[in-house]
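Here's a quick briefing for anyone meeting this structure for the first time. Take a look at the picture, then read on.

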Amino acid sequence: MTHEIAVIPGDGIGQEVTPAAIDVLEAAPVDFEFVHGDAGDAVLEETGEALPQETRDIAADADATLFGAAGETAADVILPLRSVVGSFANVRPAHAYPGLDAVQPQTDLVFIRENTEGVYAGIESEITDGVTTCTRVITEEASRDIAEFGFDYANQNGYDDVTIAHKANVMRTTDGLFLDVAESVGDERSADYDTALMDALAMHLIKHPEEYGVVICPNLAGDMLSDLAAGLVGGLGLLPSANVGPDNALFEPVHGSAPDIAGQGVANPSAMILSAAMMLDHLGYGEEGDRVRAAVEDVLDSGPRTPDLGGDAGTEAVTDAIVDRL
Ligand code: ATP
């Protein structure tokens, strides 16, 4: 069966790493039909809209979406796109690869980040001059959904350690609810789990990442802790992610549009290609997903490498090497 994939490269290095992922998918090989959509800063300038309705429709109708990166318009592009595909869970694995100079080579973590609410609910206001507020939304339903997803993910992927990240000692009502609900999901399943204050967790993750497996997080905490974990394994060029909903999903690198290196042809395509591998798993092509990961791992180990990993190769040379390995 042919799967229809929406491809939205977006801005900056999204334009460079997305074609790399398509090259790899074509070499996998899999029976995909790619439908291209535009979004981001350049589209806003041209059309007055960062996320045109046509692009929303392409993502909504596809079996899955591959998204590159958004620049200044990120909040107007990726947040609505995640909601167009109905995703509530953001899965962010942080895995240290052999051969790379990782700060913590024993890191093998997966952040399961709530993807719809928290401070990213977009409820901000300026009450009066110089006084602004942001409403943090935490609901029982979304907390239950993400906790169930997180415990299921740990179970299905062989992770023994589950940690629930929170800050319920300060945000007593909102994170109090998040923590209560997540703990009851763990208890209902008689699962082993720990809870951790998110600030202390940030420090422990740096010192002892090997003590953690799956980390279930509220929205902002998941965003920040996964970037921290990127630092542990060698940088943002390595972290893929999946935004998963009941019927659809969107796959994107954790990194943004990287304006400092955009247009130079030196972006590391690994995060984007590993996101495509997560998409393969999601669509039932687990074997192809494993082959893509093995090819990426092989090239990370033996080179060529992009400058963020200490090499001097460009995006295309690294992509070609991955395609060759496949
Ligand atoms: P956002 O807010 O959208 O996450 P940002 O500007 O905070 O974006 P990034 O665009 O992810 O962050 O870039 C952060 C740093 O990491 C930059 O120095 C960038 O060059 C580097 N970086 C990010 N992705 C890559 C990549 N794929 N290859 C090489 N370097 C990267």
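Start with a loop: Pro-304 sits between helix H10 (286–302) and helix H11 (315–325), where helices (H or I, at least four residues) and strands (E, at least two) are DSSP runs, numbered from the N terminus. This is a predicted model, where local features need pLDDT of at least 70, side-chain atom pairs count only at pLDDT 80 or more, and totals for chains, interfaces and linings use all residues. Residues are numbered from 1 along each chain as its sequence is written, and side-chain values use heavy atoms, with hydrogens and water left out.

- Most residues other than glycine have a negative phi, and most peptide bonds are trans.
- Gly-303 and Pro-304 are joined by a cis peptide bond, with omega about 5°.
- Another cis peptide bond links Ala-28 to Pro-29, with omega about -20°; Pro-29 is in the loop between helix H1 (14–27) and S2.
- Ser-190 isn't a glycine, yet its phi is positive, near 50°; look for Ser-190 in the loop between helix H6 (174–188) and S9.

**The sheet**
- An open sheet with mixed pairing is built from 10 strands, in the order S2-S1-S3-S12-S11-S4-S5-S10-S8-S9; two strands pair if DSSP finds at least two bridges between them.
- At the edges are strand S2 (32–36) and strand S9 (194–197), each pairing on one side only.
- From one strand to the next, the twist averages 25° (axes are lines fitted to C-alpha atoms, for helices over the stretch in contact, and angles run from 0 to 180 degrees between N-to-C directions).
- Strands S1 (residues 3–10) and S3 (residues 64–69) run parallel and are joined by five bridges; Val-7 has Leu-66 in S3 as its bridge partner.
- Helix H8 (residues 219–233) packs on the sheet and touches S4, S5, S8 and S10, its direction making about 160° with that of S5; contact here means heavy atoms within 4.5 Å.

**The ligand**
- Residues around the ligand include Ile-13, Leu-236, His-255, Asp-260 and Asp-308 (a residue counts if one of its heavy atoms lies within 4 Å).
- By class, this shell has five nonpolar, five polar and two charged residues: Ala, Val, Leu, Ile, Met, Phe, Trp, Tyr, Cys and Pro count as nonpolar, Asp, Glu, Lys and Arg as charged, and the others, Gly among them, as polar.
- A backbone N or O atom of Gly-256 is 2.6 Å from a ligand oxygen atom, and a backbone N or O atom of Asn-268 is 2.9 Å from a ligand nitrogen atom.

Terms used: Polar contact = N/O pair within 3.5 Å; in protein donor to acceptor, adjacent residues only side chain to side chain.
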